[in-house]
Amino acid sequence: MNKPLLIVSLASLLLVACGKQEEQAQTAPPAQQAESAMNELNDAAANAMSGAKEVMSEAKEAVSETAGSVIAESKEALSDAADNAMAQTDAAVTAAKETAQAATAKTQEAVTAAKETVKEAAEAATKETQQVVTEVAAKAGAVAAATQSVLAKDDALVLANKSGCLACHAVDKKVVGPPWQDVAARYRGKDARTQLVDKVSTGGKGNWTDVTGGVPMPPYSPRVSKENIEKMVDFILSL
Ligand code: HEC
C-alpha cells in the first residue's frame, strides 16, 4: 500500500465515523452518543494504526529487497568491472612484455651489427697500420743503409787523405795513378780484393802503364795497417 492511498482510507474512515455520530445524535441521548462516537473513533484510529504499520512493514520489506538487489547488482557490476580491469591490465602487461622483447631483440641486433662494423674497421685500420709500419721500416732501413754507405765513403776518403793516397789518386780523374772509378770498373765481377790489398801493401807497377807511363805505386805496409788498406780497397771497389 502507498502513502496517498493510506491517507485516503484514513480520511474515509473518519468521515464514516462522523456520519454515524450524527445518526446516533438524532436517536440516542447525548452522553451515550458521545461514548459510542469515541469508541468508533478509537476503533478507526486503531485500524488506521494497524494499516499504517502494515504499510510501513511492507515499505521496509520493499526497501530492504530493493536495497538488497541494488547491492547485489552493484557487487556484480563491481566484480565485472574488476575482472574487466584485470583482463585489460593482463593484456597491457602482455603487450608491454612483447614490446620490450622486440626492443631487446632489435637492440641486440644493433649491438651485433655495431660490433661487426667496429671489428671490420679495426681490422682495416690494423692492416693499414701494418702496411704503413712496413713501408716506414723499409724506408728507415734504406735511409740507414744509405747513411751507412755515405759514412763509410766519408770514412774511406778521410782515411785515404790521411794515408796520402789522394796525392796520386782521385775518384773520377787521373792524377799520377789511375782514377779509382776506372780501377773499380776494371775489377767489377772479379775476385780482386786480396790482389789489390797486396798491391797497395807492397806497391808496384805494370797494370796501368798505358795510363801512368810506367810510374810505380809506393808500398804502404806497415805504415798503413792491413785493416785500413782493406777498408780503402773495399771503398774503391764499391765505386
Ligand atoms: C805516388 C803516387 C801514388 C800514391 C801516393 C798512391 N798510389 Fe795507388 N797507384 C799509383 C800508380 C802509379 C798506380 C798504377 C800501378 C800499376 O800500373 O800497376 C796505382 C795503382 C793503384 C791501384 C790499382 C792497382 C792495380 O793493380 O790495378 C790501387 C787499388 C791503388 N793504387 C790504391 C792506392 C791507395 C789505397 C793508396 C793510398 C794508401 C795509393 N794508391 C797511393 C800511384 C800512387
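Mentor: We'll take the overall fold, then the helix packing, then the ligand.

Trainee: Is this experimental or predicted?
Mentor: This is a predicted model.

Trainee: How many helices and strands are there in the chain?
Mentor: The chain has 6 helices and 0 strands. Along the sequence the pattern reads α-α-α-α-α-α.

Trainee: And what box do the C-alpha atoms fill?
Mentor: Roughly 205 × 30 × 25 Å, taken along the principal axes.

Trainee: What is the radius of gyration, then?
Mentor: The chain has 71 Å. A compact globule of 239 residues would be near 18 Å.

Trainee: Left-handed or right-handed crossing, for α2 passing α6?
Mentor: Left-handed.

Trainee: Which residues meet there?
Mentor: From α2 there are A152, K153, A156, L159, A160 and S163. They meet N228, K231, M232 and F235 in α6. By class, that contact of α2 with α6 has 6 nonpolar, 2 polar and 2 charged residues.

Trainee: What about α4 and α6, what angle do they pack at?
Mentor: About 125°, with their axes 9 Å apart. That angle makes α4 oblique to α6.

Trainee: And the handedness of that crossing, left or right?
Mentor: α4 passes α6 in a right-handed crossing. On the α4 side, the contact is made by R193, L196, V197, V200 and S201. On the α6 side, K226, I229, E230, V233 and L237 take part. The contact of α4 with α6 divides into 6 nonpolar, 1 polar and 3 charged residues.

Trainee: Switching topic. Which residues come nearest to the ligand?
Mentor: C165, C168, G177, W208 and M217, out of 30 residues around the ligand. The elements giving two or more residues to that shell are α2 (30–163), α4 (193–202), α5 (209–212) and α6 (226–237).

Trainee: How does the shell split by class?
Mentor: There are 19 nonpolar, 9 polar and 2 charged residues.

Trainee: Last one. Where is the cis peptide bond?
Mentor: It joins S221 and P222, with omega about 5°. P222 sits in the loop between α5 and α6.

Note on methods
Residues numbered from 1 in each chain as written. Predicted model: local features only at pLDDT ≥ 70, side-chain atom pairs only at ≥ 80, totals over all residues. Near = placed C-beta within 6 Å. Helix = DSSP H or I, 4+ residues; strand = E, 2+ residues; numbered from the N terminus. Nonpolar A, V, L, I, M, F, W, Y, C, P; charged D, E, K, R; others polar. Left-handed = near helix turned anticlockwise from the far one by under 90°. Contact = placed C-beta atoms within 7 Å. Axes fitted to C-alpha atoms, helices over the stretch in contact; angles between N-to-C directions. Parallel < 35°, antiparallel > 145°, perpendicular 65-115°, else oblique. Rg over C-alpha atoms; globule rule 2.2 N^0.38 Å.
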